[in-house]
Amino acid sequence: MSERIDQSVPDAARVGVVSRIGGVTGLPADDQPPIPTHRRQSFRRWFADKGWRHVVAWIAIAFALFPLLYIVSASLNPIGTLTGSNQLFSAISPRNYERLFTDPAIPYGTWYVNSLIIAIVTSVVTVLLCALGAYAFSRMRFRGRRFGLMTLLVLQMFPQLLAITAIFLLMIQISDVFPAIGLGTHAGLIMVYLGGALGVNTFLMYGFFNTVPSAIDEAAKIDGAGHARVFFTIMLPLVTPILIVVGLLTFISIIGEFAIASVILTDPATQTVAIGLFQLVSGFQSQNWGVFSAGAILAALPVMVLFLLSQRYIAGGLVSGSVK
(Lines give C-alpha, C1' and ligand atoms only; values in the text may rest on other atoms or scores of the structure.)
Protein backbone atom coordinates (compact mmCIF):
# COMPACT_ATOMS: atom_id res chain seq x y z
CA MET A 1 0.00 0.00 0.00
CA SER A 2 2.80 2.43 0.91
CA GLU A 3 4.73 1.60 -2.25
CA ARG A 4 1.64 2.31 -4.37
CA ILE A 5 1.19 5.69 -2.71
CA ASP A 6 4.85 6.58 -3.07
CA GLN A 7 4.76 5.82 -6.80
CA SER A 8 1.62 7.86 -7.36
CA VAL A 9 2.92 10.95 -5.57
CA PRO A 10 5.36 13.13 -7.55
CA ASP A 11 8.84 13.63 -6.21
CA ALA A 12 8.37 17.41 -5.90
CA ALA A 13 5.42 16.93 -3.61
CA ARG A 14 7.05 14.22 -1.51
CA VAL A 15 10.00 16.41 -0.65
CA GLY A 16 7.70 19.13 0.76
CA VAL A 17 8.05 18.10 4.41
CA VAL A 18 7.66 20.62 7.19
CA SER A 19 10.79 20.92 9.27
CA ARG A 20 11.06 21.66 12.96
CA ILE A 21 12.04 25.27 12.41
CA GLY A 22 8.86 26.09 10.49
CA GLY A 23 10.26 25.95 6.94
CA VAL A 24 9.64 23.44 4.16
CA THR A 25 12.57 21.21 3.25
CA GLY A 26 13.38 20.60 -0.35
CA LEU A 27 12.09 23.96 -1.60
CA PRO A 28 14.09 27.01 -2.67
CA ALA A 29 14.50 29.86 -0.21
CA ASP A 30 12.29 32.16 -2.29
CA ASP A 31 9.41 29.66 -2.14
CA GLN A 32 9.51 29.29 1.62
CA PRO A 33 6.20 30.42 3.26
CA PRO A 34 6.53 33.37 5.65
CA ILE A 35 6.97 32.48 9.29
CA PRO A 36 4.08 34.03 11.28
CA THR A 37 5.14 36.57 13.86
CA HIS A 38 2.78 37.69 16.64
CA ARG A 39 3.61 41.07 18.12
CA ARG A 40 1.71 42.33 21.11
CA GLN A 41 -0.19 45.52 20.29
CA SER A 42 0.55 48.49 22.51
CA PHE A 43 -2.17 49.77 24.79
CA ARG A 44 -2.12 53.23 23.21
CA ARG A 45 -2.65 51.82 19.73
CA TRP A 46 -5.36 49.42 20.95
CA PHE A 47 -7.18 52.23 22.75
CA ALA A 48 -7.03 54.50 19.70
CA ASP A 49 -8.33 51.71 17.49
CA LYS A 50 -10.93 49.89 19.62
CA GLY A 51 -10.60 50.76 23.28
CA TRP A 52 -12.45 54.08 23.17
CA ARG A 53 -15.50 52.25 21.84
CA HIS A 54 -15.59 50.08 24.96
CA VAL A 55 -15.41 53.17 27.16
CA VAL A 56 -18.28 54.84 25.30
CA ALA A 57 -20.33 51.63 25.48
CA TRP A 58 -19.88 51.30 29.25
CA ILE A 59 -20.77 54.95 29.78
CA ALA A 60 -23.95 54.46 27.74
CA ILE A 61 -24.84 51.32 29.72
CA ALA A 62 -24.32 53.10 33.04
CA PHE A 63 -26.36 56.08 31.82
CA ALA A 64 -29.23 53.75 30.88
CA LEU A 65 -29.11 51.56 33.99
CA PHE A 66 -28.89 54.28 36.64
CA PRO A 67 -32.54 55.46 36.35
CA LEU A 68 -33.65 51.82 36.46
CA LEU A 69 -31.60 51.12 39.57
CA TYR A 70 -32.90 54.29 41.18
CA ILE A 71 -36.56 53.45 40.67
CA VAL A 72 -36.01 49.86 41.83
CA SER A 73 -34.35 51.22 44.96
CA ALA A 74 -37.23 53.65 45.53
CA SER A 75 -39.79 50.86 45.14
CA LEU A 76 -38.05 48.79 47.82
CA ASN A 77 -37.64 51.70 50.22
CA PRO A 78 -40.44 51.76 52.85
CA ILE A 79 -40.06 55.55 53.18
CA GLY A 80 -42.62 57.20 50.93
CA THR A 81 -40.54 60.22 49.93
CA LEU A 82 -37.78 60.31 47.33
CA THR A 83 -35.40 62.11 49.70
CA GLY A 84 -34.75 58.84 51.49
CA SER A 85 -33.84 57.09 48.21
CA ASN A 86 -30.71 59.06 47.41
CA GLN A 87 -28.63 56.16 48.68
CA LEU A 88 -29.36 53.16 46.48
CA PHE A 89 -30.82 50.17 48.33
CA SER A 90 -30.30 51.73 51.75
CA ALA A 91 -33.46 49.92 52.91
CA ILE A 92 -35.18 46.92 51.33
CA SER A 93 -38.79 46.02 52.05
CA PRO A 94 -41.73 44.63 49.97
CA ARG A 95 -44.14 47.02 51.72
CA ASN A 96 -44.80 49.18 48.65
CA TYR A 97 -45.65 46.16 46.49
CA GLU A 98 -47.98 44.84 49.18
CA ARG A 99 -49.84 48.17 49.34
CA LEU A 100 -50.59 47.99 45.63
CA PHE A 101 -52.80 44.95 46.13
CA THR A 102 -53.94 45.29 49.77
CA ASP A 103 -54.76 48.98 50.17
CA PRO A 104 -58.46 49.55 49.28
CA ALA A 105 -57.66 53.14 48.29
CA ILE A 106 -55.28 51.89 45.56
CA PRO A 107 -57.16 49.59 43.12
CA TYR A 108 -53.98 48.78 41.22
CA GLY A 109 -55.26 45.41 40.02
CA THR A 110 -58.21 47.07 38.28
CA TRP A 111 -55.96 49.69 36.72
CA TYR A 112 -53.58 47.00 35.51
CA VAL A 113 -56.30 44.88 33.89
CA ASN A 114 -57.84 47.95 32.22
CA SER A 115 -54.47 48.95 30.77
CA LEU A 116 -53.79 45.46 29.41
CA ILE A 117 -57.25 45.18 27.83
CA ILE A 118 -57.01 48.56 26.13
CA ALA A 119 -53.43 48.02 24.95
CA ILE A 120 -53.99 44.48 23.65
CA VAL A 121 -57.24 45.26 21.82
CA THR A 122 -55.80 48.43 20.30
CA SER A 123 -52.64 46.63 19.16
CA VAL A 124 -54.49 43.72 17.55
CA VAL A 125 -57.05 45.91 15.75
CA THR A 126 -54.34 48.34 14.65
CA VAL A 127 -52.27 45.54 13.12
CA LEU A 128 -55.29 44.12 11.27
CA LEU A 129 -56.60 47.43 9.92
CA CYS A 130 -53.15 48.73 8.97
CA ALA A 131 -52.34 45.48 7.17
CA LEU A 132 -55.60 45.68 5.21
CA GLY A 133 -54.91 49.30 4.25
CA ALA A 134 -51.29 48.62 3.31
CA TYR A 135 -52.31 45.66 1.15
CA ALA A 136 -54.86 47.78 -0.68
CA PHE A 137 -52.38 50.60 -1.33
CA SER A 138 -49.63 48.18 -2.37
CA ARG A 139 -51.51 45.72 -4.58
CA MET A 140 -54.54 47.59 -5.92
CA ARG A 141 -54.63 50.49 -8.35
CA PHE A 142 -57.52 52.89 -7.87
CA ARG A 143 -58.27 56.58 -8.25
CA GLY A 144 -57.02 58.65 -5.31
CA ARG A 145 -54.41 56.09 -4.22
CA ARG A 146 -51.46 58.50 -4.30
CA PHE A 147 -53.49 61.28 -2.69
CA GLY A 148 -54.55 58.89 0.09
CA LEU A 149 -50.95 57.93 0.82
CA MET A 150 -49.86 61.56 0.96
CA THR A 151 -52.80 62.41 3.21
CA LEU A 152 -51.81 59.68 5.66
CA LEU A 153 -48.27 61.01 5.72
CA VAL A 154 -49.26 64.67 6.18
CA LEU A 155 -51.74 63.93 8.97
CA GLN A 156 -48.96 62.43 11.08
CA MET A 157 -47.22 65.81 11.19
CA PHE A 158 -49.85 66.96 13.69
CA PRO A 159 -49.81 65.03 16.99
CA GLN A 160 -53.08 63.72 18.35
CA LEU A 161 -52.56 65.75 21.51
CA LEU A 162 -53.31 68.97 19.59
CA ALA A 163 -56.87 67.78 19.00
CA ILE A 164 -57.56 66.78 22.59
CA THR A 165 -60.18 69.52 23.05
CA ALA A 166 -61.95 68.54 19.84
CA ILE A 167 -61.80 64.87 20.86
CA PHE A 168 -63.37 65.64 24.23
CA LEU A 169 -66.24 67.64 22.68
CA LEU A 170 -66.76 64.94 20.05
CA MET A 171 -66.94 62.20 22.67
CA ILE A 172 -69.57 64.17 24.59
CA GLN A 173 -71.72 64.33 21.46
CA ILE A 174 -71.20 60.62 20.76
CA SER A 175 -72.25 59.78 24.33
CA ASP A 176 -75.69 61.21 23.64
CA VAL A 177 -76.18 58.96 20.60
CA PHE A 178 -74.01 55.85 21.28
CA PRO A 179 -73.24 55.67 25.01
CA ALA A 180 -71.34 52.38 24.57
CA ILE A 181 -68.51 54.15 22.71
CA GLY A 182 -68.85 57.56 24.30
CA LEU A 183 -67.10 59.43 27.08
CA GLY A 184 -65.89 57.28 29.98
CA THR A 185 -65.79 53.97 28.08
CA HIS A 186 -62.91 51.75 27.03
CA ALA A 187 -64.40 51.31 23.57
CA GLY A 188 -64.43 55.07 23.04
CA LEU A 189 -60.80 55.38 24.10
CA ILE A 190 -59.82 52.52 21.78
CA MET A 191 -61.56 54.28 18.89
CA VAL A 192 -59.56 57.43 19.58
CA TYR A 193 -56.31 55.47 19.75
CA LEU A 194 -57.07 53.72 16.46
CA GLY A 195 -57.63 57.02 14.72
CA GLY A 196 -54.18 58.21 15.71
CA ALA A 197 -52.32 54.95 15.02
CA LEU A 198 -53.63 53.98 11.59
CA GLY A 199 -51.83 56.65 9.57
CA VAL A 200 -48.15 56.17 10.28
CA ASN A 201 -48.44 52.40 10.76
CA THR A 202 -50.27 51.96 7.45
CA PHE A 203 -47.54 53.89 5.68
CA LEU A 204 -44.88 51.79 7.43
CA MET A 205 -46.56 48.54 6.41
CA TYR A 206 -47.04 49.84 2.88
CA GLY A 207 -43.28 50.04 2.43
CA PHE A 208 -42.86 46.50 3.72
CA PHE A 209 -45.63 45.09 1.48
CA ASN A 210 -43.83 46.54 -1.53
CA THR A 211 -40.81 44.35 -0.79
CA VAL A 212 -42.89 41.20 -1.39
CA PRO A 213 -42.77 40.27 -5.12
CA SER A 214 -46.13 40.75 -6.79
CA ALA A 215 -45.55 37.57 -8.80
CA ILE A 216 -46.41 35.54 -5.70
CA ASP A 217 -49.97 36.79 -5.33
CA GLU A 218 -50.41 36.94 -9.11
CA ALA A 219 -49.62 33.22 -9.30
CA ALA A 220 -52.17 32.58 -6.55
CA LYS A 221 -54.81 34.55 -8.46
CA ILE A 222 -54.15 32.46 -11.55
CA ASP A 223 -54.93 29.37 -9.44
CA GLY A 224 -58.26 30.93 -8.48
CA ALA A 225 -57.46 32.63 -5.17
CA GLY A 226 -59.21 35.90 -4.37
CA HIS A 227 -57.89 38.95 -2.55
CA ALA A 228 -59.02 37.63 0.85
CA ARG A 229 -57.28 34.28 0.41
CA VAL A 230 -54.11 35.91 -0.92
CA PHE A 231 -54.05 38.36 1.98
CA PHE A 232 -54.65 35.94 4.85
CA THR A 233 -52.82 32.82 3.60
CA ILE A 234 -49.93 34.27 1.57
CA MET A 235 -49.21 37.88 2.42
CA LEU A 236 -49.60 37.87 6.19
CA PRO A 237 -47.09 35.02 6.79
CA LEU A 238 -44.56 36.81 4.57
CA VAL A 239 -44.86 40.14 6.40
CA THR A 240 -44.82 38.73 9.94
CA PRO A 241 -41.87 40.91 11.10
CA ILE A 242 -43.63 44.21 10.36
CA LEU A 243 -46.86 42.96 11.97
CA ILE A 244 -44.99 42.20 15.19
CA VAL A 245 -43.13 45.52 15.12
CA VAL A 246 -46.32 47.56 14.65
CA GLY A 247 -48.11 45.60 17.36
CA LEU A 248 -45.21 46.04 19.79
CA LEU A 249 -44.81 49.77 19.15
CA THR A 250 -48.55 50.30 19.53
CA PHE A 251 -48.64 48.31 22.78
CA ILE A 252 -45.73 50.31 24.23
CA SER A 253 -47.30 53.66 23.34
CA ILE A 254 -50.74 52.73 24.71
CA ILE A 255 -49.66 51.11 28.00
CA GLY A 256 -48.12 54.36 29.23
CA GLU A 257 -50.36 56.94 27.53
CA PHE A 258 -51.78 59.51 29.97
CA ALA A 259 -53.06 62.72 28.36
CA ILE A 260 -55.90 61.37 26.21
CA ALA A 261 -56.82 58.60 28.67
CA SER A 262 -57.18 61.11 31.50
CA VAL A 263 -59.68 63.12 29.43
CA ILE A 264 -61.75 60.19 28.14
CA LEU A 265 -61.84 57.94 31.24
CA THR A 266 -63.68 59.93 33.88
CA ASP A 267 -64.86 56.96 35.97
CA PRO A 268 -62.25 55.72 38.51
CA ALA A 269 -63.29 52.11 37.84
CA THR A 270 -62.28 52.41 34.16
CA GLN A 271 -58.99 54.26 34.59
CA THR A 272 -55.62 52.88 33.55
CA VAL A 273 -52.30 52.45 35.37
CA ALA A 274 -50.92 55.75 34.08
CA ILE A 275 -53.90 57.73 35.44
CA GLY A 276 -54.00 55.87 38.75
CA LEU A 277 -50.30 56.24 39.46
CA PHE A 278 -50.42 59.93 38.63
CA GLN A 279 -53.16 60.43 41.18
CA LEU A 280 -50.94 58.84 43.85
CA VAL A 281 -48.27 61.53 43.50
CA SER A 282 -50.29 64.52 42.28
CA GLY A 283 -51.16 65.72 45.78
CA PHE A 284 -49.19 68.35 47.67
CA GLN A 285 -46.32 66.78 49.66
CA SER A 286 -47.27 63.32 48.49
CA GLN A 287 -45.81 60.38 50.41
CA ASN A 288 -46.59 57.71 47.80
CA TRP A 289 -43.47 57.81 45.65
CA GLY A 290 -42.44 54.35 46.76
CA VAL A 291 -45.80 52.89 45.73
CA PHE A 292 -45.60 54.86 42.48
CA SER A 293 -42.20 53.33 41.71
CA ALA A 294 -43.43 49.81 42.49
CA GLY A 295 -46.46 50.28 40.24
CA ALA A 296 -44.32 51.65 37.42
CA ILE A 297 -42.01 48.63 37.57
CA LEU A 298 -44.92 46.18 37.42
CA ALA A 299 -46.45 48.11 34.52
CA ALA A 300 -43.19 47.82 32.57
CA LEU A 301 -43.02 44.02 32.89
CA PRO A 302 -45.43 43.21 29.99
CA VAL A 303 -43.52 45.59 27.72
CA MET A 304 -40.20 43.99 28.63
CA VAL A 305 -41.53 40.45 28.08
CA LEU A 306 -43.01 41.32 24.68
CA PHE A 307 -39.81 43.08 23.65
CA LEU A 308 -37.64 40.10 24.59
CA LEU A 309 -39.93 37.67 22.77
CA SER A 310 -40.07 39.71 19.57
CA GLN A 311 -36.62 41.30 19.41
CA ARG A 312 -35.48 39.06 16.55
CA TYR A 313 -38.23 40.54 14.35
CA ILE A 314 -37.65 44.18 15.24
CA ALA A 315 -34.54 44.89 13.13
CA GLY A 316 -35.94 43.14 10.07
CA GLY A 317 -39.34 44.74 10.42
CA LEU A 318 -37.97 48.27 10.64
CA VAL A 319 -35.23 48.01 7.99
CA SER A 320 -36.77 45.82 5.29
CA GLY A 321 -39.58 48.24 4.55
CA SER A 322 -37.17 51.06 3.76
CA VAL A 323 -35.92 49.41 0.53
CA LYS A 324 -38.34 48.65 -2.25
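The model is predicted, with local features requiring pLDDT of at least 70 and side-chain atom pairs counting only at pLDDT 80 or more, while totals for chains, interfaces and linings use all residues. Residues are numbered from 1 along each chain as its sequence is written, and side-chain values use heavy atoms, with hydrogens and water left out.

Thr-122 belongs to helix H5; helices (H or I, at least four residues) and strands (E, at least two) are DSSP runs numbered from the N terminus. With 0% relative accessibility, Thr-122 is classed as buried, where buried means under 20% relative accessible area, exposed over 50% and partly exposed in between (1.4 Å probe, protein chains only). Setting aside neighbours within four places in sequence, Thr-122 is in contact with Ile-190, Tyr-193, Leu-194, Thr-250 and Ile-254, contact being heavy atoms within 4.5 Å.

The structure holds one cavity of 30 Å³ or more, and the volume of the largest cavity is about 40 Å³. A cavity here is a set of points, on a 1 Å grid over the protein atoms alone, where a 1.4 Å probe fits but cannot get out, and lining residues have an atom within 4 Å of a point. Grid points are joined across faces, edges and corners, and the volume is the space filled by probe spheres set on the points.

Helix H8 (residues 186–209) bends by about 40° at Leu-198, the bend being the angle between axes fitted to the seven residues ending there and the seven starting there. At the start of H8, the backbone nitrogen of Gly-188 has a side-chain oxygen of Thr-185 within 3.1 Å.

Turning to the rings, the whole structure contains 10 aromatic pairs. In the pair of Phe-66 and Tyr-70, the ring centres are 6.2 Å apart and the planes lie at 40°, so the pair is tilted. Rings of Phe, Tyr and Trp (its six-membered ring) pair if their centres lie within 6.5 Å, with planes under 30 degrees apart counted as stacked, over 60 as edge-to-face and the rest as tilted. Phe-66 and Tyr-70 are four residues apart in helix H3 (residues 43–76), and therefore about one helical turn separates them. Phe-66 is partly exposed at 48% relative accessibility, as is Tyr-70 at 23%.

Trp-289 and Phe-292 form an edge-to-face pair, 5.6 Å centre to centre with 70° between the planes. These two residues are three apart in helix H14 (residues 289–319), again about one helical turn. An α-helix has 3.6 residues a turn, so residues three or four places apart point the same way. Trp-289 is partly exposed at 28% relative accessibility, and Phe-292 at 23%. Elsewhere, Tyr-135, Phe-209, Phe-231 and Phe-232 make up one aromatic cluster.

Terms used:
Polar contact = N/O pair within 3.5 Å; in protein donor to acceptor, adjacent residues only side chain to side chain. 1 Å grid on protein atoms, 1.4 Å probe; cavity = no way out; pocket = protein on both sides within 12 Å on 5 of 7 lines; lining within 4 Å.
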